[in-house]
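Please keep the sequence and the structure in view while reading.

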Amino acid sequence: MFLAAALCHTNVTQGTAPHTQKLTHSSLIENLMPEITLPDVEINLFTPKNPTTAKIVENYVCTEESSPNVIRHITIDLEGSGLEGVFRSGQSIGILPPGENDKGKPHKLRLYSVSSPSKGEGGNPNYVSTTVKRANEEVDGVFYTGICSNYLSNLKPGDELSITGPSGKRYLLPSNADEFNYVFFATGTGVAPFRGMIMELIEAGHKGQIVLIFGCPYRTDLLYKSYFESLEKEHDNVHYIKMISREDRRSDGSKKYVQTAIEDYDELLAPILASDNTLVYLCGMKGMQTGIYEQLAKKGYTDYLTAKGEAAEKDPSEWTWEDLKTSVKPSDRTFEEVY
Ligand SMILES: Cc1cc2nc3c(=O)[nH]c(=O)nc-3n(C[C@H](O)[C@H](O)[C@H](O)COP(=O)(O)OP(=O)(O)OC[C@H]3O[C@@H](n4cnc5c(N)ncnc54)[C@H](O)[C@@H]3O)c2cc1C
């Protein structure tokens, strides 16, 4: 009940419906929630039953050499595929790895977030990029290697691959993007959609606040670090917060995670998160959302959340971890993609 009331002033529409309020911006922020107008986007032009073919343009490691994690920036040439200029940042590309599983069935499609801006990597509408981590792990003494991430990571410029998409129609920047401030929470390859989105905001001369909170275990795993550092230097409204869990410590000695930034950077974040025209995006490792919801609730930023069942009857300060995991969901102001 508490949250239903909190949300009634937020409107989301998809498509070309006119938005009702125009805001003028100072560096912060007006006290009204503009309508969130999501763009109409193409989806599923190609499907696993009807994929198309594209070609690798570049494929390079973007974690540091000494990192135990290998994450690659991969650019795909869509020329002749029927997907030229179609992918928007926030959407995903479907990749069909060749070969069959141990039941003799073709390997299933895997999704990878677009990390280029909607106008294409380097401004070329034929080029779409993604950011791929080799999904390798040891479980009970057995080393497993991910099928599709390793297939993709091994491809060389000129190699062809079978792709589908676009996938996703909500995880996007609004078409009235200039009317909002943004707080982006990313873990690992979860930064992919934010690279493209932030490039778009910057190119459009965005005046509102843009905060990227990036979490990873080691400093060597910071992705696109020099790009985000240079943006922060050049633009007063861009803030790049690194939360490096296995290296950095908070003032009480505990580890830094993306969610602890809400407390650790309170001075910067409080006025932004308290503003009625701020949107929160989170992307990355499944489970990251629960800690973020806990911190948002603890600080009273409940407009970003909605609750069902018994949790909806409780004051957010009384939500248990179980409530946060199962009954608390993103509100219309929060965009979540975890995998
Ligand atoms: C919307 C969306 C966007 C995504 N965006 C990205 C992105 O931008 N970048 C990115 O890197 N990923 C992204 N992913 C994840 C991606 O789709 C794949 O899930 C990921 O790459 C792993 O796929 P894989 O085929 O390599 O691993 P799989 O073969 O599917 O294996 C999955 C994991 O299980 C392990 N494994 C395999 N067999 C076993 C076994 N028998 N027992 C235990 N463990 C085993 C593997 O080592 C691997 O770690 C996204 C997912 C979604 C849903």
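## Model and domains

The domain bounds used below come from an automatic or database domain assignment. In this predicted model, the chain is divided into domain 1, which covers 2–41 + 170–338, and domain 2, which covers 52–167. The C-alpha centres of domain 1 and domain 2 lie 26 Å apart. The contact between them draws 18 residues from domain 1 and 22 residues from domain 2, and on the side of domain 1 that touches domain 2 the residues comprise 11 nonpolar, four polar and three charged.

## Confidence

The chain has a mean pLDDT of 91, with 91% of its residues reaching 70 or more. Where pLDDT is low, the predicted coordinates should not be read in detail.

## The ligand shell

Which residues come nearest to the ligand? Of the 24 residues around the ligand, these are Ala135, Gly146, Cys148, Ser149 and Tyr339. At least two residues of the shell are supplied by each of the strands β6 (110–113), β7 (127–133), β8 (136–139) and β9 (142–145), and by the helix α2 (147–154).

By residue class, the shell holds 10 nonpolar, 10 polar and four charged residues. Because domain 1 and domain 2 both give residues to the shell around the ligand, the ligand lies between them.

The largest nonpolar core has 80 residues, and the members that touch the most others are Val183, Phe184, Phe194, Val211, Leu212, Ile213 and Tyr281. Both domain 1 and domain 2 give residues to this core, so it lies between them. Phe184 illustrates how these members meet: leaving aside its neighbours within four places in sequence, Phe184 is in contact with Phe194, Val211, Leu212, Ile213 and Tyr281.

In helix α7, residues 288–298, the buried positions are Met288, Gln289, Ile292, Tyr293, Glu294, Leu296 and Ala297. Just after α7 comes Gly300, with a positive phi of about 85 degrees.

## Loops and backbone geometry

Most residues other than glycine have a negative phi, and most peptide bonds are trans. Asn44, in the loop between β2 (36–38) and β3 (52–61), has a positive phi near 50 degrees, and Asn44 counts as partly exposed because it has 13 C-beta neighbours inside 10 Å. Asp140, in the loop between β8 and β9, also has a positive phi, of about 50 degrees, although it is not a glycine. With 4 C-beta neighbours inside 10 Å, Asp140 counts as exposed. The peptide bond joining Gly165 and Pro166 is cis, with omega about -5 degrees, and Pro166 belongs to strand β10.

Another proline, Pro157, lies in the loop between α2 and β10 (160–167). Is Pro157 buried or exposed? Pro157 has 12 C-beta neighbours inside 10 Å, and therefore counts as exposed. Not counting residues up to four places away in sequence, Pro157 touches Ile56, Val57, Glu58 and Asn59, whereas the C-alpha atoms of Pro157 and Arg249, 92 residues apart along the chain, are separated by 41 Å.

Terms used: Residues numbered from 1 in each chain as written. Predicted model: local features only at pLDDT ≥ 70, side-chain atom pairs only at ≥ 80, totals over all residues. Near = placed C-beta within 6 Å. Helix = DSSP H or I, 4+ residues; strand = E, 2+ residues; numbered from the N terminus. Nonpolar A, V, L, I, M, F, W, Y, C, P; charged D, E, K, R; others polar. Buried ≥ 20, exposed ≤ 12 C-beta atoms within 10 Å, placed from the backbone. Core = buried A, V, L, I, M, F, W, Y, C linked by C-beta atoms within 7 Å. Contact = placed C-beta atoms within 7 Å. pLDDT = per-residue confidence, 0-100.
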